[in-house]
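My notebook is open, and I am ready to look things up one at a time. Here is what I will be reading from.

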Amino acid sequence: MFAVSRLGSLLRRCNRTTIVSELKGFSRAYNESSLQSSSRFSVPEHCDRCLISRFSSFQAFKSLPKNLVDHTTRKMSTTAAVLNSTVVEAANSGLKLLVTKGPHAQKAVGIWLFGCAAWVFSLVVLGGITRLTRSGLSMTDWKFTGGLPPLTQEEWVQEFEKYQQSPEYKRINKGMSVEDFKFIYWMEYAHRMWGRGLGLVFSFPFAYFIAKGYITRQLGLRLSALFALGAGQGLIGWWMVKSGLEEPRSEWVQPRVSPYRLATHLTSAFVIYCGILWTALSVVMPEAPSGALNWVHGATKIRRLALPASFIVGLTAVSGAYVAGNDAGHAYNTFPKMGDVWIPDDIFSMEPLIRNFFENTSLVQLNHRILAMTTLSAIGALWFASRRIEVHPAVQSLIGATLGMAALQVTLGLSTLLMYVPTSLASAHQAGALTLLTFMLLLVHTVRKPSPALLKSLASVSKPSTVKVL
Ligand code: HEM
């Protein structure tokens, strides 16, 4: 790594005198370097090769003594070979690569999976806006493969007539015009089609990569499970919408989807998102980034704190789904007190007791507040503890960024509540929850257990400071 970065700066500066002196140092450094015995598992093999060929064909070197250039090139090739054989060794001794056929395949599959994760992210946000603009109950039927929207005025009128039979029209939107109906219909239609689009964007490249032989059995099984979850998500979505098309229990109750089904739909979306993102990270980063052995020990300590913190973030997000599902954000629009009190007196007014946790506006909101504050404290504690732990600087920065995101998310949640749930803030708060989950996932992935091969090789390096960071 030392050599590659030296060469990189050499190529950038391109000044002949500097090049000559750099080259001499470069060559000397190679001879003396402990690099050949150090390990570096995720070596981008193609980069080494590409640098070597760039090095030997670089115009400015043509006028340099041939033996110097040849010597350095030979040394570089040897080092690359040593490093790459370490990769193979690592693979043979426990490092499981999810993608075969080299770095090009790894990159292609990684880009595809990160793209799919971004698609799911946007789908969740679009779903949130659909709910917040009360558009989610505008389509009164569902086909697995979808269908064309109404194209003529006559078809729009027919579709509108179907909507007029729904409890939402009768109790909330009575008197709505066809033009207004078109808006809510298009919102829901876009959400459904975006979901189906994900199915295509996921399955076609998946089939292609399988045909090319890039996907290992383990990755294939994992992605098939995620695909099944995605298909199931469509069914859950319709199961949720159906509950909103049924007549409410009493005439005083506003028609809305079941909070249980909404929470299931949202939680499943979070699980799919995290599953794809984790897999994408594992594809492009098959080995935990390490460095010196003491950083690996530090990472273990961070992992012990980060895992429970991630669990609390997940729980807070699910509790948020119940706040949304019960429209609980429209009550107690004050903070830190709920109205004039700290704890409303009706938090256990429903029978049986357990129902209060999922259906009682007061308790649902109180739970979300408590969990949100616990999340912020847990991440704050993680940040504080990490300052005393010797760990890779990138992990340190990631923890700082996660704490910043948690603070932003709490601010967004408070603003959503205090401003009576405007669509813009509420959907930013929802996107914030996903972003916070992304940070936590990235952190847990970065500090995951290194492979036995990496541990062994780090332990064999006597001077940690000579091991370069990737
Ligand atoms: C780390 C902290 C937090 C996380 C991870 C989080 C997560 C979530 C999630 C996932 C939702 C559901 C969004 C949707 O489906 O539209 C939600 C809704 C909500 N959250 Fe939070 N939240 C946090 C903090 C807070 C705080 C501190 C408050 C205010 C006291 C708050 C108030 C709300 C409200 C009012 C809603 C309902 C918005 C709606 O009806 O769309 N949240 N939260």
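This is a predicted model: local features need pLDDT of at least 70, side-chain atom pairs count only at pLDDT 80 or more; totals for chains, interfaces and linings use all residues.

I started with Arg 355, which is partly exposed at a relative accessible area of 27%. For my own reference, buried means under 20% relative accessible area, exposed means over 50%, and partly exposed lies in between, using a 1.4 Å probe and protein chains only. The side chain of Arg 355 meets that of Glu 359 in a salt bridge, at 3.3 Å from N to O.

Residues are numbered from 1 along each chain as its sequence is written, and side-chain values use heavy atoms, leaving out hydrogens and water.

Next entry: salt bridges. I count a salt bridge when a side-chain nitrogen of Lys or Arg is within 4 Å of a carboxyl oxygen of Asp or Glu. How many salt bridges does the structure hold? I found seven.

One of them joins the side chains of Glu 159 and Lys 162, at 3.7 Å from N to O. Both residues sit in helix H6 (residues 153-164), three residues apart, which is about one turn of the helix. I noted that helices are DSSP runs of H or I with at least four residues, strands are runs of E with at least two, and the numbering starts from the N terminus. Glu 159 is buried at 11%, whereas Lys 162 is partly exposed at 37%.

I also looked up Arg 171 and Glu 247, whose side chains meet in a salt bridge at 3.4 Å, N to O. This pair links distant parts of the chain, 76 residues apart: Arg 171 is in helix H7 (residues 167-171), and Glu 247 is in the loop between helix H9 (217-245) and helix H10 (259-284). Arg 171 is partly exposed, with 31% relative accessibility.

Then I turned to the cysteines. A disulfide is a covalent bond between the sulfur atoms of two cysteines. The rule asks for a pair of cysteine sulfur atoms within 2.5 Å, and the count comes to zero disulfides. Cys 116 is buried at 0% relative accessibility, and Cys 274 is buried at 18%.
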